[in-house]
Amino acid sequence: MTRGPIPFAPLWDKFFRGHQGLYSVYVHTLPDYKLNVSTNSAFYGRQIPSEEVSWGSITLVDAEKRLLANALLDFSNERFVLLSESCIPVFNFPTIYEYLINSAHSFVESYNIDTPQCAGRYNRRMAPHIMADQWRKGSEWFELNRELAVQIVADYKYYSIFRKHCRPSCYPDEHYIPTYLHLFHGPLNANRTITWVDWSRGGPHPASYGAADVTEEFIQSIRNNGTQCFYNSKPTSVCYLFARKFAPNALGRLMNLTSTVLDF
């Protein structure tokens, strides 16, 4: 999902190279934007019909549903990853593909803590369909299996509740899918995101990393940052497959790392 350009298209093209038939790409931009990439790019001709999107509004959920609906039209698609133009892979394609295709769970962060940014966004008018103790928050950047993607695209009842009551500072993209999965499909969810991000600096947006930050050590620190999680119900230290938020000027440094630490 992007408003316009995809600055890391060359990095992703190298990531995808040699793995045709194992992936498909779908791009949601602003309606009047024309993506300018070469004809041999994985992004060429992959824009879907789109609408205007505003940060923090239900239109972000609309865009997510459009992307999922278009991807579901290809019956060979089994796993669905939402990423932005500031995201990068931190492993090579075979590693990420095997991790996702062999997972018994989807990866959607879903939690509830008693803070204004989480439980404080619940609107009691959502009851009785969504109660306060059922309210959840999580990262917008999800990974879903086909079964859950179908359920989310088909849902209108709970989507309409969010459209009506999750505004103006509720941020539906952080609450709709985490809450919906918690209500109906919790056992199918690993309850974590696979996209690393740094919120340690505080504020409404995560830290952004440019060329000066990109080193082998930095990529390794994302891969091995001390986090422990579960994969197919067994503990693992491989918790993140992607990372954000990277500035466009990081492209050159990242391309230089593809033959070493990134290994593609």
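**Helix packing**

I began with helix α2 (residues 58-72) and helix α5 (residues 157-165), which pack at an angle of about 155° with their axes 10 Å apart; axes here are lines fitted to C-alpha atoms, for helices over the stretch in contact, and angles run from 0 to 180 degrees between N-to-C directions. Because angles over 145 degrees count as roughly antiparallel, I noted α2 as roughly antiparallel to α5. I then listed the residues that make the contact (heavy atoms within 4.5 Å): Ile58, Val61, Asp62 and Lys65 from α2, with Tyr159, Phe162 and Arg163 from α5. By class, I found four nonpolar, no polar and three charged residues in this contact.

I keep in mind that this is a predicted model, in which local features need pLDDT of at least 70 and side-chain atom pairs count only at pLDDT 80 or more, while totals for chains, interfaces and linings use all residues. Residues are numbered from 1 along each chain as its sequence is written, and side-chain values use heavy atoms, with hydrogens and water left out.

**Aromatic rings**

I looked up the aromatic pairs next, and the structure holds 27 of them, a pair being rings of Phe, Tyr or Trp (its six-membered ring) with centres within 6.5 Å, stacked if the planes are under 30 degrees apart, edge-to-face if over 60 and tilted otherwise. Phe93 and Tyr97 are a stacked pair, since their ring centres lie 5.7 Å apart and their planes meet at 20°. Both residues lie in helix α3 (residues 93-101), four residues apart, or about one turn of the helix. I recorded Phe93 as buried at 6% relative accessibility, whereas Tyr97 is partly exposed at 26% (buried is under 20% relative accessible area, exposed over 50%, partly exposed in between, with a 1.4 Å probe and protein chains only).

Tyr99 is buried, at 9% relative accessibility.

I also noted a cluster that ring pairs link together, among its members Tyr122, Trp135, Tyr159, Phe162 and Tyr180.

**His185**

Where does His185 lie? I found His185 in the loop between α6 (176-184) and β4 (195-196), and it counts as buried at 13% relative accessibility. Leaving aside neighbours within four places in sequence, His185 is in contact with Leu148, Gln151 and Tyr180.

Conventions: Helices (H or I, at least four residues) and strands (E, at least two) are DSSP runs, numbered from the N terminus. Angles under 35 degrees count as roughly parallel, over 145 as roughly antiparallel, 65 to 115 as roughly perpendicular and the rest as oblique. Ala, Val, Leu, Ile, Met, Phe, Trp, Tyr, Cys and Pro count as nonpolar, Asp, Glu, Lys and Arg as charged, and the others, Gly among them, as polar.
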